[in-house]
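Here are my notes on this one, as numbered points. Have the model open while you read.

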Amino acid sequence: DVVYLRPDGDDGADGHSVGTAWKSLARALGGLEPGRTAYLAPGNYAAPGAISLRGTAEKPIRLASRTWELVTVEGDVTFSGAAHLVLDSIRFTGSVTVAEGSDIRFENCTFEGKSGGLTVRGTRNLRVEQALFRGAGPYAIALKASPGALLRGNLYGNRNGPALIVDDADSIRYADYNGFGDGSRTWAIGDGSGKPLAEVQP
């Protein structure tokens, strides 16, 4: 079950084809039930504010680029209480916050927030894979009270601070195949001390 968005679409249309695509993410949020996918045509979309989409383990909800061309969400985005949600091949220009959710997955996404890339609080089973973090903020990912995180195949441009700030190292279920701009301070754990790459990714 698929719906379509494009920057010059029409929120009054039915969204069932590229020719009748919706225009805004805000419109899509009202029409995405478990098991549905929203394909975004290349271009820029305004951040819709809080996103509380809830899929299921059997029927996740997906927001994905329809092609290899760039899809950009402009502005800060908050996922609040969301569950079983997949974001695929989307560029975020503002900060991204995930709060009180579960099973949120970012695949092939780019994070460019100047105050921080991805902030996660009270969320279980976060997955970030094949992502690029190139914002100028003090961290790429900050995790608090968020167990079960999987971080794989990401590139962190962490020139201004650690790639990952985490309150408890045991929150990370798996982390490997990641690349760092500064390998001398990849993680900051608990007290904020930076850990070199050799300690966290043998």
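**Notes on the model**

1. L40 sits in strand β2, which covers residues 37-40; strands here are DSSP runs of E with at least two residues, helices are runs of H or I with at least four, and both are numbered from the N terminus. This is a predicted model, where local features need pLDDT of at least 70, side-chain atom pairs count only at pLDDT 80 or more, and totals for chains, interfaces and linings use all residues. Residues are numbered from 1 along each chain as its sequence is written, and side-chain values use heavy atoms, with hydrogens and water left out.

2. Is L40 buried or exposed? L40 is buried, at 0% relative accessibility (buried means under 20% relative accessible area, exposed over 50%, partly exposed in between, with a 1.4 Å probe and protein chains only). Skipping residues up to four places away in sequence, L40 touches L5, L25, Y45, A64, S65, R66 and V71; a contact means heavy atoms within 4.5 Å. L40 and W22 are 18 residues apart in sequence, with their C-alpha atoms 9.4 Å apart.

3. Now T110, in strand β12 (residues 110-111). T110 counts as buried too, because its relative accessible area is 13%. Its contacts, again not counting residues up to four places away in sequence, are I90, R91, F92, L132 and R134.

4. On to the core. The largest nonpolar core holds 49 residues, and F79, L87, F92, F106 and L118 have the most contacts inside it. Such a core is a set of buried Ala, Val, Leu, Ile, Met, Phe, Trp, Tyr and Cys residues joined through side-chain atoms within 4.5 Å. Take L87: beyond its neighbours within four places in sequence, L87 is in contact with L63, F79, F92, I104, R105, F106, E107 and C109. In soluble globular proteins, nonpolar side chains tend to be buried together.

5. Zooming out, the protein has two helices and 23 strands. Its radius of gyration is 17 Å, close to the 17 Å that the globule rule gives for 202 residues, so the protein is as compact as a globular protein of that length. That radius is taken over C-alpha atoms, and the rule is 2.2 Å times the number of residues to the power 0.38. The C-alpha trace spans about 50 × 30 × 25 Å along its principal axes.

6. Some totals to finish. Buried residues make up 49% of the 202. Of the contacts with a separation of 6 or more, 36% are between residues 24 or more positions apart.
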